[in-house]
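Please keep the sequence and the model at hand while reading.

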Amino acid sequence: MRALVTGANGQLGTDVVTLLRNSGYEVLGCDRAALDITDLLQCQQVIGEYQSDVVIHCAAFTAVDAAETDIDGAYRVNAVGTRNIAVAAEHIGSKLIYISTDYVFDGTSAEPYQEYDNTNPQSIYGKSKRAGEVLVQSLSSRYFIVRTSWVYGVYGNNFVKTILRLGQEKPSLKVVHDQKGSPTYTVDLANFLVELMTTEKYGVYHASNSDACTWYEFTQAIFEEARELGIDIIAQPEPCSTDEFPRPAHRPANSMMEHLSIRTNGLQDLRPWREGLKDFLHQWNAIEFK
């Protein structure tokens, strides 16, 4: 089975490519230099020549706050770019996995969101990713839409790395305690994607590590696990509200997602987020302090 991965140098794409190769699959990892997803002809040429069985579309405009002012840029990548990938993949009969986000919901629900609940994105980032979903559903006959949340990994910048750095530099940190969701370790998400791509169980999936926490609770866990590894954390986290930490883009208060499709399709659910965090910290610590 041959796989093509867009966004191959990103924090998720890097782990997906590594896992595919380690699992014995033929894989073509495409970064921005190798494949400009906003160029339809180039997408058709690269995907057409490689003749992949599955395209795992990780490339995205993920700068949530920057998207509020660079609206065209967000839609060019997340909507037009996704359309181009979908058209090229459909032309050769390839499966398509599109990575989407919890930001397609407004975050006002008291319950975790199910896959077929109504979407209502409030940010430009969320709206542009939802546009990508609609285009995939319209243009692809063999698609998986995989929504995830609070993603972090060894590669690239993310919340966990930032908090670890600040935890070693600052005596105290204010962290939002009124937004709840599920942190997702890229390695665990990559494992799920590789399992999913071998099936014909098409549709929309919610895939994040199991269980949920607030950003403040997540920070507490990061510091606790880091200290267990002997990392010198001096900061004490302090809970604060979203209103105390204003950002240009709207953040959903509730990012929790029900994994209904994973269960009903008999697939392996992702493990609890704290277990993923422990493995991440061991890997990060080995790289950071070797």
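Gln51 is partly exposed, with 42% relative accessible area, where buried means under 20%, exposed over 50% and partly exposed in between, using a 1.4 Å probe and protein chains only. The model is predicted, and local features need pLDDT of at least 70, side-chain atom pairs count only at pLDDT 80 or more, and totals for chains, interfaces and linings use all residues. Residues are numbered from 1 along each chain as its sequence is written, and side-chain values use heavy atoms, with hydrogens and water left out.

**Record and overall make-up**
- According to the UniProt annotation, from an unreviewed entry, a "domain: RmlD-like substrate binding" covers residues 1-283; such annotations may be inferred rather than shown by experiment.
- Over residues 1-283 the chain is 39% helix and 17% strand, and the end C-alpha atoms are 29 Å apart; helices (H or I, at least four residues) and strands (E, at least two) are DSSP runs, numbered from the N terminus.

**Positive phi values**
- Most residues other than glycine have a negative phi.
- Gln51, in the loop between helix H2 (40-50) and strand S3 (54-57), has a positive phi near 55 degrees.
- Asp211, in the loop between strand S10 (203-206) and strand S11 (213-214), also has a positive phi, near 70 degrees.

**Cysteines**
- A search of the whole structure finds 0 disulfides, a disulfide being a pair of cysteine sulfur atoms within 2.5 Å.
- Cys58 is in no disulfide, and its nearest cysteine sulfur, that of Cys30, is 11 Å away; Cys58 counts as buried at 15% relative accessibility.
- Cys213 is likewise in no disulfide, the nearest cysteine sulfur being that of Cys240 at 15 Å, and Cys213 is buried with a relative accessible area of 1%.

**Contact of H5 with H7**
- The axes of helix H5 (residues 159-167) and helix H7 (residues 215-228) come within 10 Å and cross at roughly 65 degrees, where axes are lines fitted to C-alpha atoms over the stretch in contact and angles run from 0 to 180 degrees between N-to-C directions.
- H5 passes H7 in a right-handed crossing, in which the near helix is turned clockwise from the far one by less than a right angle.
- Phe159, Val160, Ile163, Leu164 and Gly167 in H5 meet Trp215, Phe218, Thr219, Ile222, Phe223 and Ala226 in H7, contact meaning heavy atoms within 4.5 Å.
- The residues of this contact divide into 9 nonpolar, 2 polar and no charged; Ala, Val, Leu, Ile, Met, Phe, Trp, Tyr, Cys and Pro count as nonpolar, Asp, Glu, Lys and Arg as charged, and the others, Gly among them, as polar.
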